[in-house]
Amino acid sequence: MVKEDSTLEGLRKRIGTEAEPITFEIDRALIGSFVRAVGDPNPMWQDEEYARTTGYGSIIAPPFLLCALMTVCPHDSRYGIAPLPVPELPPPREHILDGGEEWEFFRPMRLGDTISSRTRFADVFEREGRVGKMLFLVYETIYTNQHGESVAKASYTIVNY
Amino acid sequence: MSAAQVFYEDISEGMEIPSLVKHPTKRQLVMWAGGSGDFYEIHYDKDFALSQGLDGIIVHGRLKAAFMGQMLTDWIGSAGTLRRLSCRYRGMDVPDQDMVVRGRVTKKYVDHCQHCVELDVWTENPKGEKTTPGTATVVLPSRSQPSPSSR
């Protein structure tokens with residue numbers, strides 16, 4: 001029990017730790033491979049002529065493109081594009097449960113935009129669950145465009161026990 | 001996306017939005033792995049999946065989240081805006097069978113001149129089980145204010 005508390009304390013000290021930022025450009029190739037993988041023929045994402053008739057005036061990326069540009073993969077840091085903010089401190093306990101994922105979209109991502117993402121270890125806390133004490137680890141990613149505007153925020157919670 | 005633009009006034013709490021039927025194939029999972037960088041073997045290597053105690057390969061949770069994004073952006077059209085999407089990867093889905101993506105309006109309200117609609121969204125397997133329950137918020141155009149001030 002003491003060991004677990006110290007683990008929690010150790011993790012708490014790392015709240016706010018950021019991973020190396022990653023940067024990607026919203027280009028036709030990125031959008032194309034994404035919408036082909038999803039199977040989404042919406043012309044807003046690919047048809048310039050159609051996009052000109054919309055309020056956006058040009059092609060935008062599907063906001064849920066960010067579902068693919070993973071924030072973190074807590075199961076194993078070898079998976080996923082984005083690095084874990086605290087790779088040396090993986091979830092310390094044996095079992096991992098999904099605690100939910102959320103994306104908030106503030107601005108459209110336009111063709112030609114350069115998006116930077118920063119993932120930080122946002123929070124850790126412990127709750128009593130039906131299988132005993134459970135750790136909740138929260139990772140948060142902020143996406144910013146080349147103008148310094150926030151375009152989206154993602155957060156992912158994992159439950160570790 | 002080919003349907004007519006939906007407006008805030010067309011929405012009532014409790015109504016279901018048009019569902020989207022997907023049929024994720026193993027090939028699609030490989031495409032998603034390549035596009036997302038999620039090369040966790042449980043999504044394409046059956047031997048590995050079996051060694052992990054699974055019955056076979058399973059669909060990426062975030063691909064299911066993207067399916068929900070597709071359903072929502074199909075529905076809201078080019079004048080609507082997807083503001084928020086959240087989900088939990090509660091149940092595993094296997095490839096090569098239908099997955100129905102659904103949504104139901106839970107609340108509509110005007111906030112700072114934005115016409116907001118909140119929904120429950122989920123994916124459903126052939127047994128009718130909700131494997132990926134979630135919620136979403138969208139902003140719709142209003143007939144009284146057709147150009148949303150949201151952008």
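# A guided tour of a predicted two-chain model

Select helix α1 of chain B and colour its buried residues: Gln28(B), Leu29(B), Trp32(B), Ala33(B), Gly35(B) and Ser36(B). The model is a predicted one. Next, display the partners of these residues: the buried residues of α1(B) pack against α2 of chain A together with α3 (61-76) of chain B. Then step just past the end of α1(B) to Gly37(B), where phi is positive, at about 80°.

**The helix pair across the chains**

How do the axes of the two helices cross? The crossing in which α2(A) passes α1(B) is left-handed.

Show side chains for the residues that meet here. On the α2(A) side, select Ser33(A), Phe34(A), Arg36(A) and Ala37(A); on the α1(B) side, select Gln28(B), Met31(B), Trp32(B) and Gly35(B). By class, the residues of this contact comprise four nonpolar, three polar and one charged. Three residues of this contact, Gln28(B), Trp32(B) and Gly35(B), were also in the opening selection of buried residues of α1(B).

**The wider contact between the chains**

Now extend the selection to the whole contact between the chains. How many residues of each chain take part? Chain B contributes 30 residues, in contact with 31 residues of chain A. On the chain B side, the elements giving two or more residues are α1, α3 and β2 of chain B. Select α3(B) in particular: eight residues, the largest share of this side, come from that helix. Coloured by class, the side of chain B that touches chain A shows 13 nonpolar, nine polar and eight charged residues.

**Chain B as a whole**

Chain B has three helices and five strands, and their order along the sequence is β-α-α-α-β-β-β-β. The C-alpha trace of chain B spans about 60 × 30 × 25 Å along its principal axes. Of the 151 residues of chain B, 40% count as buried. Considering contacts in chain B between residues at least 6 apart in sequence, 66% join residues at least 24 apart.

**Two loop residues of chain B**

Go to the loop between β2 (81-87) and β3 (99-111) of chain B and select Asp96(B). Asp96(B) is not a glycine, yet has a positive phi of about 65°. Is Asp96(B) buried or partly exposed? There are 14 other C-beta atoms within 10 Å, so Asp96(B) is partly exposed.

Move on to the loop between β3 and β4 (114-124) of chain B, which holds Cys113(B). Cys113(B), a residue other than glycine, has a positive phi near 65°. Cys113(B) counts as exposed because it has 10 C-beta neighbours inside 10 Å.

**Chain A as a whole**

Three helices and five strands make up the secondary structure of chain A. Along the sequence, the elements of chain A follow the pattern α-β-α-α-β-β-β-β. Chain A has 161 residues, of which 34% count as buried. Among contacts in chain A between residues at least 6 apart in sequence, 64% join residues at least 24 apart.

Select strand β3 of chain A, residues 114-129, and find Glu128(A) within it. Glu128(A) has 8 other C-beta atoms within 10 Å and is therefore exposed. Draw a line from the C-alpha of Glu128(A) to that of Leu11(A): the two residues are 18 Å apart in space and 117 residues apart in sequence.

**Confidence along chain A**

Finally, colour chain A by pLDDT. The average for chain A is 85, and 83% of the residues score at least 70.

Methods. Residues numbered from 1 in each chain as written. Chains lettered and ligands numbered in written order. Left-handed = near helix turned anticlockwise from the far one by under 90°. Helix = DSSP H or I, 4+ residues; strand = E, 2+ residues; numbered from the N terminus. Contact = placed C-beta atoms within 7 Å. Nonpolar A, V, L, I, M, F, W, Y, C, P; charged D, E, K, R; others polar. Buried ≥ 20, exposed ≤ 12 C-beta atoms within 10 Å, placed from the backbone. pLDDT = per-residue confidence, 0-100.
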